[in-house]
Amino acid sequence: MTDLEQLPRTDNEYVRKDNSVQWLRERSEPTPEEIINAIIPKPYGQKGKTFDKPISDVRIKGDAEFVETIAGLLKPFVDCESMNTRLDIQLQKVKHKETGEPTDAWSLYLKSAERGSKRQP
């Protein structure tokens with residue numbers, strides 16, 4: 001069982017801030033191999049929402065400098081590509097919700113996905 005799974009939670013399954021901060025401070029920087037081994041790919045053919053599934057999914061949003069800085073920590077995701085899995089990556093400039101105009105914000109979404117019989121690039 002992981003340290004995360006042992007943290008006390010509220011009735012709504014939230015971990016209180018003080019426990020969350022302590023947990024985060026205790027994390028050591030993983031090796032690229034540890035990151036790759038921890039990734040759970042999205043199953044081939046998975047449709048619909050995946051938020052309630054234990055699929056490895058990273059989402060980052062901020063200005064360009066922030067996204068670039070944090071992305072540097074996620075390079076091992078590129079190495080999860082194989083004959084069985086592919087990298088699902090979306091990097092985009094965020095548009096204003098109402099006007100559709102580009103903003104100064106960027107978003108990066110990363111996940112690994114199983115390849116099916118019809119291989120996707």
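Modeller: Let us begin with the largest pocket, which is lined by 28 residues, with Trp23, Arg27, Pro30, Ile35 and Ala38 lying nearest its centre. Please bear in mind that this is a predicted model.

Colleague: How much space lies in the largest pocket, and which elements each supply at least two residues of its lining?

Modeller: The space in the largest pocket is about 1,100 Å³. At least two lining residues come from each of α1 (3-6), α2 (17-25), α3 (32-38) and β1 (57-62). The largest share, four residues, is supplied by α3.

Colleague: How do the residues of that lining divide into nonpolar, polar and charged?

Modeller: The lining of the largest pocket has 18 nonpolar, three polar and seven charged residues.

Colleague: Which elements make up the protein chain, and in what order do they run?

Modeller: The protein chain contains four helices and three strands. Starting at the N terminus, the order is α-α-α-β-α-β-β. Along the principal axes, the C-alpha atoms fill a box of roughly 40 × 40 × 30 Å.

Colleague: What share of the residues is buried, and how much accessible surface does the protein chain have?

Modeller: Of the 121 residues in the protein chain, 22% are buried. The accessible surface is about 9,800 Å², and carbon and sulfur atoms account for 52% of that surface.

Colleague: What share of the contacts with a separation of 6 or more comes from residues 24 or more positions apart?

Modeller: Such residues account for 55% of those contacts in the protein chain.

Colleague: Why does Ser107 count as buried?

Modeller: The relative accessibility of Ser107 is 3%. Ser107 has its place in strand β3 (residues 102-114). Leaving out residues up to four places away in sequence, Ser107 touches Ile60, Lys61, Gln90, Leu91, Gln92 and Val94.

Colleague: Trp106 also lies in strand β3. Why does Trp106 count as partly exposed?

Modeller: Trp106 has a relative accessibility of 28%. Partly exposed is the range between the 20% limit for buried and the 50% limit for exposed, and therefore Trp106, at 28%, counts as partly exposed. Not counting residues up to four places away in sequence, the residues touched by Trp106 include Ile60, Asp63, Val67, Leu91 and Val94. The C-alpha atoms of Trp106 and Asp63 are separated by 5.7 Å, although the two residues are 43 apart along the chain.

Colleague: What makes Leu24 an exposed residue?

Modeller: The criterion for exposed is over 50% relative accessible area; Leu24 is at 56% and therefore counts as exposed. Leu24 lies in helix α2. From Leu24 to Leu4, 20 residues away in sequence, the C-alpha to C-alpha distance is 9.6 Å.

Colleague: How do you know that Pro54 is exposed?

Modeller: Pro54 has a relative accessible area of 63%. Exposed requires a value over 50%, so Pro54 qualifies with 63%. Pro54 lies in the loop between α3 and β1. Pro54 and Pro41 are 13 residues apart in sequence, with 8.9 Å between their C-alpha atoms.

Colleague: Why does Glu13 count as exposed, and what is its phi value?

Modeller: At 53% relative accessibility, Glu13 counts as exposed, because the class begins over 50%. The phi of Glu13 is near 75°, a positive value in a residue other than glycine. Glu13 is found in the loop between α1 and α2.

Colleague: Which residues form the largest nonpolar core, and what makes such a set a core?

Modeller: The set has 10 residues: Ile35, Ile39, Ile60, Val67, Leu74, Phe77, Cys80, Leu87, Leu108 and Leu110. A nonpolar core requires buried residues joined through side-chain atoms within 4.5 Å. Phe77, one of the core residues, is in contact with Ile39, Val58, Leu87, Leu110, Lys111 and Ser112, leaving aside its neighbours within four places in sequence. In soluble globular proteins, nonpolar side chains tend to be buried together.

Key. Residues numbered from 1 in each chain as written. Predicted model: local features only at pLDDT ≥ 70, side-chain atom pairs only at ≥ 80, totals over all residues. Heavy atoms only, no water. Buried < 20%, exposed > 50% of the residue type's maximum accessible area, 1.4 Å probe, protein only. Contact = heavy atoms within 4.5 Å. 1 Å grid on protein atoms, 1.4 Å probe; cavity = no way out; pocket = protein on both sides within 12 Å on 5 of 7 lines; lining within 4 Å. Points joined across faces, edges and corners; volume = space filled by probe spheres on them. Nonpolar A, V, L, I, M, F, W, Y, C, P; charged D, E, K, R; others polar. Areas by Shrake-Rupley, 256 points an atom, 1.4 Å probe, with all protein chains shown as cover.
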